[in-house]
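User: I would like to go through some of the labels used for this model and see what stands behind each one.

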Amino acid sequence: MADTIDRVGRLVSALTREEKLRLVRGAPDPEGTATGYVPGVERLGVPEYRLVDGPLGVRAEGERATAFPASLALAATFEPELARRQGAALAREAKARGQDALLAPGVNLVRVPQCGRNFEYFSEDPLLAARFAAGVVEGIQGEDVIATAKHYVANNQERNRTDVNAAVDERTLRERYLPAFRAAVEAGVGSVMTAYNRVNGTHMSDHRYLVRDVLKGEWGFEGYVVSDWYGLESTVGAANAGLDLEMPGVPVTELHGPADGDGPTEAEEDADVASLDGIPDGTRAGFFGEPLADAIDDGAVPADRLDDMVRRILGQLARVGLLDGRRDDGAIDTPEHRDLAERIAVRGTVLLENDGVLPLEDGANVAVIGPNVHEPTLGGGGSSETTPFSAVSPREGMSSRAAGEVTVARGVREIEDVSLFDRLPFVERKSPEDEGVEEHASDPSIEEAVAAAESADVAVVFVRDATTEARDRDDLRLPGEQDALIESVAAAAERTVVVVNSGGPVEVPWREDVEALLEAWYPGQAHGDAIAAVLYGDRDPGGRLPVTFAREEDYPATEETRYPGVDGEATYAEGLFVGYRHFDAAGREPTYPFGHGHSYADFRYGDATATDRATVRVAVENLAERTGREVVQAYVRPPAAPDGIARPVRELAGVATIELPAGATRTVDVELDERAFARYDPERGWVTDAGRYVVEVGRSSRDVRTTVGVDRD
Ligand code: GLC
């Protein structure tokens with residue numbers, strides 16, 4: 001470590017000012033594959049290096065890669081080890097594409113269910129988000145690729161994302177919005193990307209307190225801080241706040257030529273752009289070019305700040321071996337990566353309701369219904385989009401798994417993906433070749449779907465939403481005529497199963513009319529095989545909800561002042577009470593609570609005991625005649641806090657997942673995160689009130705099976 005510091009120090013001393021300035025600002029990638037590119041300094045052996053999106057797969061332009069499930073699906077596994085493995089696989093694929101830094105993971109908290117990028121994030125709970133942020137970072141950095149925790153901080157909506165001011169009190173920032181970033185730093189993340197938005201009046205790229213004082217000062221972050229694309233507001237403000245690297249560094253006109261083909265018409269452009277109010281201004285670039293040199297010359301930015309910027313960047317290149325030219329070839333589209341993508345999709349599938357219709361009998365005659373059953377739901381729109389080598393649609397997955405007859409009917413018009421590539425100036429998709437769009441012989445009809453349902457033993461209806469970066473959802477209803485399709489099929493079919501593929505909570509008004517309901521998020525390339533394995537019982541649905549499902553009006557940020565904000569300001573007036581914490585405090589019943597999810601097995605819990613201050617132990621028995629996966633969850637209920645201090649009813653403190661054979665009993669230890677006992681006091685910092693804490697152990701935040709007292713003095 002010491003010799004790396006010395007080596008980087010010597011490099012910084014040897015670099016000319018002009019060379020230093022070239023290292024703190026992006027440039028066009030001569031190979032045209034990277035999302036962001038920094039030219040090297042050949043004279044001193046500093047290599048060029050490439051940054052690439054994204055959390056769901058490597059998006060090297062014009063190249064294919066494994067399309068992993070969305071981050072929300074990964075978090076629904078409640079198994080951070082899978083996060084580490086996905087991070088490692090992403091990193092190997094990045095190296096195979098000649099990329100050095102991954103612009104992943106996205107670790108923002110799910111604050112509002114409408115946010116168009118919730119699919120790229122992990123949870124409404126800061127501990128779960130932190131565990132998955134750390135897991136992905138460890139996986140990526142362990143493969144000697146630089147991970148990027150994004151978007152720092154409080155980027156919780158896409159509506160007006162480049163300007164909205166998040167008005168958040170300090171305690172809420174500390175207890176809700178910062179923990180996942182802090183966990184990423186503690187896990188060794190090499191870079192942090194600042195968000196477009198403002199926090200308490202200051203753009204994040206200019207935010208001295210949160211970037212220089214908290215991230216770098218208090219947490220000791222030694223990597224570099226990179227802007228979001230066209231996300232700098234100023235030269236002096238950003239440099240002095242602690243920004244180290246401007247991306248992409250050049251105006252969009254210099255980065256990409258005009259979109260291929262004739263592009264959208266003027267009218268289309270206006271219409272679509274108008275509905276995408278989260279588009280950055282692609283002309284805002286070059287802040288860290290001459291303007292930075294001038295700012296240093298006139299003393300507005302200390303010269304040693306430039307040295308620090310360069311030192312941080314070179315320090316991360318050195319750390320992953322890039323200064324030694326060390327770069328293994330990585331691996332792409334391997335059987336291991338494909339298996340992992342399917343495993344995560346299966347483990348992340350949440351069985352919300354099942355009256356016993358599932359698992360399906362092998363020989364059942366099944367109607368596979370839904371407007372998009374002919375295509376996999378890979379992910380959401382925007383910079384996270386990935387083009388896989390191959391993918392399996394629900395129709396293909398179900399047809400290859402079924403032993404009985406399968407009839408297919410779309411029922412209603414397709415739900416269109418919302419892809420912003422043609423309209424997000426800095427994100428351009430040159431897909432390897434035009435993705436074949438299936439032509440259909442006839443228009444879909446609900447009558448056709450009803451007929452298919454009537455003639456089958458069971459109807460499986462696949463429905464979806466379409467979410468994307470740069471736009472939030474207008475509401476939580478399924479788009480198009482999908483609700484009507486479900487209601488018509490449920491009225492006609494003997495038994496109906498509904499599978500939802502969404503980027504977050506959706507309203508399910510017909511849930512009592514169907515026999516089973518699953519949430520499978522955006523499952524990535526393994527879509528059809530993963531859902532078929534779960535529906536036929538080959539694999540137990542392992543998922544639990546990382547976000548609360550409820551009616552839109554029951555969530556905490558329903559007033560416009562809270563979301564999407566008024567006059568450019570979103571007031572986080574709900575404070576600590578995000579997600580299940582709100583429903584608990586309000587005594588309101590969600591549709592499906594945080595942590596909810598059935599297994600095909602059935603579990604009995606023994607009495608919990610505290611083996612020490614930080615561990616609770618419980619015996620779990622599988623009462624079923626088949627193997628099942630259980631996610632044991634531990635929540636902490638604090639004692640009454642000092643007057644005037646609000647505290648949530650319960651807070652997630654730990655989870656443990658276990659695979660239990662039929663009839664087996666296992667003892668499970670759940671490690672409790674100490675911060676679940678603490679609260680943040682703006683004057684005193686983290687405080688743990690003395691008293692008796694009740695640890696609730698169970699299957700979800702609302703399904704407590706046993707409790708045990710734990711004292712804090
Ligand atoms: C986008 C996204 C960010 C992405 C970057 C590069 O604006 O906010 O997540 O990594 O630009 O595509």
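This is a predicted model: local features need pLDDT of at least 70, side-chain atom pairs count only at pLDDT 80 or more; totals for chains, interfaces and linings use all residues.

User: What makes the contact of H15 with H18 one of four nonpolar, four polar and two charged residues?

Analyst: From H15 come Pro394, Gly397, Met398, Ser400 and Arg401, which meet His527, Gly528, Asp529, Ala532 and Leu535 of H18. Gly counts as polar, while Asp and Arg count as charged. On that basis the contact divides into four nonpolar, four polar and two charged residues.

User: How do you know that H4 and H5 meet, and which residues take part?

Analyst: The axes of helix H4 (residues 80–96) and helix H5 (residues 126–141) come within 6 Å and cross at roughly 35 degrees. Contact requires heavy atoms within 4.5 Å. Pro80, Ala83, Arg84, Gly87, Ala88 and Ala91 of H4 meet Arg131, Phe132, Gly135, Val136, Glu138, Gly139 and Ile140 of H5. By class, this contact has seven nonpolar, three polar and three charged residues.

User: What makes up the contact between domain 2 and domain 3?

Analyst: Domain 2 covers 335–415 + 442–546 and domain 3 covers 602–712 in the domain assignment. Their centres, taken over C-alpha atoms, are 33 Å apart. Seven residues from domain 2 and nine residues from domain 3 form the contact. About 620 Å² is buried between the two domains, and carbon and sulfur atoms give 36% of that area. Arg347, Asp540 and Arg544 supply 77% of what domain 2 buries against domain 3, more than any other three residues.

User: Which omega value goes with the cis peptide bond of Tyr152 and Val153?

Analyst: Omega is about -10 degrees for the cis bond that joins Tyr152 and Val153. Val153 lies in the loop between strand S4 (148–152) and strand S5 (165–167). The bond from Leu358 to Pro359 is also cis, with omega near 0 degrees. Pro359 sits in the loop between strand S10 (350–354) and strand S11 (366–369).

Terms used: Residues are numbered from 1 along each chain as its sequence is written. Side-chain values use heavy atoms; hydrogens and water are left out. Helices (H or I, at least four residues) and strands (E, at least two) are DSSP runs, numbered from the N terminus. Domain bounds come from an automatic or database domain assignment. Buried area is the accessible area (1.4 Å probe) that two parts lose on being put together, summed over both. Axes are lines fitted to C-alpha atoms, for helices over the stretch in contact, and angles run from 0 to 180 degrees between N-to-C directions.
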